[in-house]
There are 2 protein chains.
Amino acid sequence: MAQEALDSSTYPMVGGDGPHSYARNSNYQKESLDSAKQMMNELIDQHLDPGNHLYSFNPGNNSFRVADFGCSVGPNTFRAVHNIIEAVENKYKSLPVETEMPEFHVFFNDHVNNDFNTLFRNLPATGRYFAAGVPGSFYGRLLPSSTLHFAHCSTALHWLSKIPVDVMDKNSPAWNKGRICYSGAAKEVKDAYSTQFGKDVDSFLRARAQELVPGGLMMLVADGLPDDVHMCESSIGENLNVLGSCFLDLAKMGMIAQEMVDSFNLPFYYPSPSELKTLIEVNGLFEVKKIEKLDSSSAKKGVQLDVDVCILHMRAVLGELVKKHFGEGVIDILFERHREKYIGNPVLSDERYIKDASYVVFLKRKIKVTS
Amino acid sequence: MAQEALDSSTYPMVGGDGPHSYARNSNYQKESLDSAKQMMNELIDQHLDPGNHLYSFNPGNNSFRVADFGCSVGPNTFRAVHNIIEAVENKYKSLPVETEMPEFHVFFNDHVNNDFNTLFRNLPATGRYFAAGVPGSFYGRLLPSSTLHFAHCSTALHWLSKIPVDVMDKNSPAWNKGRICYSGAAKEVKDAYSTQFGKDVDSFLRARAQELVPGGLMMLVADGLPDDVHMCESSIGENLNVLGSCFLDLAKMGMIAQEMVDSFNLPFYYPSPSELKTLIEVNGLFEVKKIEKLDSSSAKKGVQLDVDVCILHMRAVLGELVKKHFGEGVIDILFERHREKYIGNPVLSDERYIKDASYVVFLKRKIKVTS
């Protein structure tokens with residue numbers, strides 16, 4: 001039961017705008033967006049082709065349609081959409097022949113359990129675009145064929161559609177006893193996660209390829225790790241290992257059952273850029289125009305990480321998952337212990353720890369696909 | 001302050017699915033939909049023209065786009081959408097030349113404070129259409145130009161965009177002291193409501209005319225009263241008068257201030273079919289294809305109204321409005337008193353009371369508009 005419940009589709013970021021909400025603890029994702037902005041401007045300028053007849057609109061309909069997949073509740077999604085619209089407008093303004101500026105229609109997607117009420121209440125009242133919310137998993141179809149001109153997905157694709165079955169199977173060599181993710185685990189565990197990620201990326205790309213117009217563009221900001229770096233060598237891996245040890249502590253203290261820890265696994269996978277590129281090429285529906293590491297400030301060498309920011313961020317992202325599996329009662333004590341054990345951890349100050357990196361992946365939906 | 005707060009945009013139906021929720025107390029609206037179904041089938045068959053080049057889609061995009069304005073949280077909106085899609089599919093199937101069945105893209109609209117989370121969780125998993133939520137007042141623009149092929153709005157247009165200013169002005173002859181609506185009030189009060197309704201209908205039609213493709217269709221199910229019937233002669237008018245007297249009772253008992261009752265007005269207006277037709281003709285953007293009274297079961301002569309159903313429905317619709325103005329504390333006692341005073345009221349059993357009626361209004365967006 002608990003294992004099934006780990007399907008990440010049922011676990012949104014912490015909603016509302018309280019002290020532990022995602023809305024107030026998602027600065028890391030904001031930094032990624034800010035770093036990606038300049039790159040996106042250049043890529044849109046280079047690859048957007050408003051003259052392409054495949055972009056053409058219904059008579060009287062001149063809407064440029066954008067979607068943000070895995071938008072959560074804001075404010076980052078609004079920032080991303082703002083950046084996209086600005087870049088598209090700049091492209092239109094730069095055209096040699098005057099082209100009518102389109103109306104913008106923006107689709108905000110996230111799981112059906114995402115707090116759309118908060119998202120909608122926070123929508124900026126700029127009048128710059130028409131907004132719609134689209135509930136559902138982005139690993140499936142969400143929009144009619146050839147609806148979108150631009151798709152965006154930032155720091156969301158590392159959420160798997162489900163926990164790999166094998167890591168929860170006591171009889172499998174991939175059984176992940178006593179750990180909450182694949183960091184530091186047996187190769188079989190990592191492989192099971194990697195296989196699931198591959199399937200999920202393929203589903204994601206197939207759905208988006210149908211939803212985008214031929215020639216439509218997609219920008220992903222993907223959390224990952226540099227090639228040949230292991231999860232346990234990274235700051236995120238170390239952070240999750242410390243968190244995992246806190247669960248074990250709680251089990252030893254009798255607050256939670258050991259079996260509950262054994263059956264708890266996080267639905268995350270951090271690919272390397274080569275791995276991601278290979279998956280996109282095998283899928284075959286998109287041209288890869290760019291894959292590049294983002295130089296976001298917290299990933300810069302020599303920057304000290306603030307332990308409180310780290311823990312609050314972790315709680316905003318994982319709080320709902322933890323609550324569902326272990327109950328509401330453990331949350332405060334778990335993250336307080338996490339904080340205590342993480343203070344002074346060399347990961348926070350030692351640049352030799354490879355911090356998890358974000359990658360910009362810029363894709364163009366192929367006009368003709370042989371599959 | 002309290003007067004400003006009466007802007008109906010901030011007052012959704014009671015959310016969730018508890019015993020006082022709109023989701024569980026909206027049978028009256030369901031009856032309207034069921035009665036409208038047959039008429040809608042015939043009207044769509046008669047007026048939908050899939051061969052019209054103005055309906056044409058982007059290359060590869062074959063989506064027929066529907067919106068339900070004022071959808072609340074379900075289940076009625078899902079029923080309405082089901083009926084629309086069924087009628088459109090029937091039309092496509094009946095064409096002499098085989099035409100590819102479109103994909104359906106459905107936009108569910110209501111105020112930003114509507115409980116979209118409940119709406120989304122209740123979405124039927126039929127896979128028959130792609131769903132999106134659109135937050136905002138339907139008296140303004142919500143979608144890009146020429147987005148929609150079919151617009152629907154059921155039992156929602158009687159909600160005004162705001163309380164007419166004059167009815168809250170002590171120095172105006174339209175000041176509505178001691179009443180909560182225009183039923184039984186001075187002519188000036190009714191006129192102020194009627195004027196506001198006229199402005200609102202015009203705004204609604206202007207926005208929808210832009211959002212619909214030329215030749216696009218719109219079906220309204222409008223609550224109203226037969227020509228030449230006064231509000232105070234109808235069951236809804238009597239019901240609201242009884243409710244109004246309960247507020248006065250609470251004021252006399254010292255539970256609420258008399259001034260609070262004087263400043264409380266409901267944002268409803270029940271037009272006659274002639275009045276509505278004239279407003280649409282003056283607006284000039286739509287051809288009126290049909291206006292006809294709906295023969296819904298509770299409006300049928302000789303049917304006894306159940307007092308508990310009436311009160312629960314009233315509470316689901318007005319609960320949030322009342323709470324905001326008077327505070328949470330009065331709700332239970334108010335509606336209990338309402339129930340006590342309404343039991344045995346001749347309106348519940350005497351067919352001479354004209355019960356409020358629903359009208360189907362079927363419109364076609366003019367292809368060429370001179371304005």
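This is a predicted model: local features need pLDDT of at least 70, side-chain atom pairs count only at pLDDT 80 or more; totals for chains, interfaces and linings use all residues.
As for why area is the number to quote, the size of an interface is often given as the accessible area lost when the parts come together. In residue terms, chain B brings 34 residues to the contact and chain A brings 34 residues.

What holds polar partners across this boundary? There are 10 residue pairs in polar contact between chain B and chain A, counting pairs with both residues at pLDDT 80 or more. The count of salt bridges between the two chains is 2. One of them pairs the side chains of Arg141(B) and Glu103(A), at 3.2 Å from N to O.

Now for the side of chain B that touches chain A. Which elements give two or more residues to that side? They are strand S1 (63-69), strand S2 (103-110), helix H3 (116-121) and strand S3 (130-135) of chain B. S3(B) supplies the largest share, 6 residues. Sorted by class, the chain B side has 15 nonpolar, 14 polar and 5 charged residues.

**Helix packing inside each chain**

Away from the interface numbers, there is a helix pair to look at in each chain. Two packed helices are described by the angle between their axes and the distance between the axes.

| Helix pair | Angle between axes | Distance between axes |
|---|---|---|
| H8(A), residues 307-326, and H9(A), residues 331-342 | about 145° | 10 Å |
| H8(B), residues 307-326, and H9(B), residues 331-342 | about 145° | 10 Å |

In chain A, H8(A) crosses H9(A) in a right-handed way. The residues that make this contact include Val307(A), Ile311(A), Met314(A) and Leu318(A) from H8(A), and Leu334(A), Phe335(A) and Tyr342(A) from H9(A). By class, the contact of H8(A) with H9(A) comes to 10 nonpolar, 2 polar and 5 charged residues.

Over in chain B, the crossing of H8(B) and H9(B) is right-handed. The contact of H8(B) with H9(B) splits into 10 nonpolar, 2 polar and 5 charged residues.

A few spots in the backbone deserve a look while you have the structure open. Where does chain A have a cis peptide bond? It joins Gly74(A) and Pro75(A), with omega about 0°. Pro75(A) sits in the loop between strand S1 (63-69) and helix H2 (76-93) of chain A.

Chain B has a cis peptide bond between Gly74(B) and Pro75(B), where omega is about 5°. You'll find Pro75(B) in the loop that runs between S1 and helix H2 (76-93) of chain B.

Then there's Ser146(B), which has a positive phi of about 50° even though it isn't a glycine. Ser146(B) is located in the loop between S3 and strand S4 (148-154) of chain B.

Notes: Residues are numbered from 1 along each chain as its sequence is written. Chains are lettered from A and ligands numbered from 1 in the order in which they are written. Side-chain values use heavy atoms; hydrogens and water are left out. Contact means heavy atoms within 4.5 Å. A salt bridge is a side-chain nitrogen of Lys or Arg within 4 Å of a carboxyl oxygen of Asp or Glu. A polar contact is a pair of N or O atoms within 3.5 Å; within protein, one must be able to donate a hydrogen and the other to accept it, and residues adjacent in sequence count only if both atoms are side-chain atoms. Helices (H or I, at least four residues) and strands (E, at least two) are DSSP runs, numbered from the N terminus. Ala, Val, Leu, Ile, Met, Phe, Trp, Tyr, Cys and Pro count as nonpolar, Asp, Glu, Lys and Arg as charged, and the others, Gly among them, as polar. Axes are lines fitted to C-alpha atoms, for helices over the stretch in contact, and angles run from 0 to 180 degrees between N-to-C directions. A crossing is left-handed if the near helix is turned anticlockwise from the far one by less than a right angle, and right-handed if clockwise.
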